[in-house]
Amino acid sequence: MQAYIPIFLMIGVGLFLGITFLTLQRFLGPHRPNPEKLSTYESGMPPVRTARERFSVKYYMVAVLFILFDIEVIFLYPWAVNFRALGVFGYIEMILFILILLIGYIYILKKGALQWD
Amino acid sequence: MNLYEIVFYFFAIVTVGSAAVVVFSRNIIYSAFSLLFTFFGVAGLYVLLNADFLAVTQLLIYVGGILVLLLFGVMLTSNTISVELKTGTLHILPATILVALLVGLLTATFWTADWFMSKRASDIAAQTTSKEIGDALVTTHLLPFEIASIILLVAIVGAAMMARRENPKSQIPI
């Protein structure tokens, strides 16, 4: 519990700063909106169409693969915590683990699932 | 109230409050985004229970992965963003019975469970689970660990298969 105090402080400072700045600008700043100011900023160009459109299903594939490799990271994390204690044996085990997943990655590349066409 | 309780109630309020928004919001995007805070609050509760590995898993997988997938699921579907969800009250009698049963079950579990109570907070505070889990993964639980990679491999292959029908043109040399 003691070890997490910096994290809680970080959350606290983040919340405090965010809320304070958002409320202060409401009271301190001038509030004179016009249609030009209220329009969406799109790299300086007039925005085209609405932002609320259907997204391409290709993004979903990337998200699915991201989760799978995210789970791989979860396995890496407890191993990395005591990397030194586990020594060479643990290192070889982890290399084996990653190699198996590397096969999957090569398969994806070969399959062209990451191709953006 | 000591610091521990303050932090606990903070995370409990975040979790329950955002979960309520998930259920009651009429905009599905708001629901999905407030699920972020529910997951975050649960991760905080895990930290308070000294389950630090579980907390990291919660943050990485649920907040970082599952939620993104869920948001994509919403954005890929047509018209869900603009259409208001219909939230009506239906089937009051079966719902009441089911909820009453669930509440009864949870309350019974709450009273009969043999809760672990530490006399001093420092008894459990010193331990971190990540180290032991990492230790167990490559020593005593080696086979499940390697099998997990095989399962992940199968999932990757399955995802690639689903995403793309066999198309010789799309194959690229590496």
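Let me start with one residue. B:Ser31 is found in helix α2 of chain B. Buried or exposed? B:Ser31 counts as buried, because its relative accessibility is 9% and the cut-off for buried is under 20%. What does B:Ser31 touch, once neighbours within four places in sequence are set aside? The contacts are B:Val21, B:Val22 and B:Ser25.

A word of caution before I go on. This is a predicted model. The scores are ipTM 0.71 and pTM 0.74.

Helix α2 of chain B covers residues 28-48, and B:Gly44 sits in it. B:Gly44 has 6% relative accessibility, so it counts as buried. Now look back along the chain to B:Phe8. B:Phe8 and B:Gly44 are 36 residues apart in sequence. Their C-alpha atoms are separated by 8.1 Å.

Now chain B as a whole. How many helices and strands? Chain B has 7 helices and 0 strands. Read from the N terminus, the order is α-α-α-α-α-α-α. Chain B has 174 residues, and 31% of them are buried. Next, the contacts in chain B between residues at least 6 apart in sequence. Of these, 58% join residues at least 24 apart. The accessible surface of chain B is about 11,700 Å². Carbon and sulfur atoms account for 74% of that surface.

Where is confidence lowest and highest in chain B? The lowest is helix α5, residues 121-125, with a mean of 53. The highest is helix α4, residues 92-112, at 93. The average pLDDT for chain B is 81, and 80% of the residues score at least 70. Look also at residues 170-174 of chain B. There pLDDT stays under 50. The model still has 12 contacts for that stretch beyond four places in sequence.

On to chain A. Chain A has 4 helices and 0 strands. The order from the N terminus is α-α-α-α. Average pLDDT is 84 in chain A, with 96% of the residues at 70 or above. Helix α2 of chain A, residues 35-38, is lowest in confidence, at a mean of 82. Helix α1 of chain A, residues 5-28, is highest, at 90.

What about the overall dimensions? The radius of gyration of chain A is 24 Å. A compact globule of 117 residues would come in near 13 Å. Along the principal axes, the C-alpha atoms of chain A fill a box of roughly 65 × 50 × 20 Å. Buried residues are 23% of the 117 in chain A. The accessible surface of chain A comes to about 8,800 Å², with 71% of it on carbon and sulfur atoms. As for charge, chain A carries 10 positive and 7 negative side chains. The centres of those two sets lie 8 Å apart.

One residue in chain A to finish. A:Tyr59 is in helix α3 of chain A, residues 58-81. Why is A:Tyr59 called partly exposed? A:Tyr59 is partly exposed because its relative accessible area is 35%, and that class lies between the 20% and 50% cut-offs. Which residues does A:Tyr59 touch, leaving out those up to four places away in sequence? They are A:Trp116 and B:Phe72. Compare A:Pro30. A:Pro30 is 29 residues from A:Tyr59 in sequence. In space, C-alpha to C-alpha, the two are 41 Å apart.

Methods. Residues numbered from 1 in each chain as written. Chains lettered and ligands numbered in written order. Heavy atoms only, no water. Helix = DSSP H or I, 4+ residues; strand = E, 2+ residues; numbered from the N terminus. Rg over C-alpha atoms; globule rule 2.2 N^0.38 Å. Buried < 20%, exposed > 50% of the residue type's maximum accessible area, 1.4 Å probe, protein only. Areas by Shrake-Rupley, 256 points an atom, 1.4 Å probe, with all protein chains shown as cover. Lys, Arg positive; Asp, Glu negative; His and termini not counted. Charge placed at Lys NZ, Arg CZ, Asp CG, Glu CD. pLDDT = per-residue confidence, 0-100. Contact = heavy atoms within 4.5 Å.
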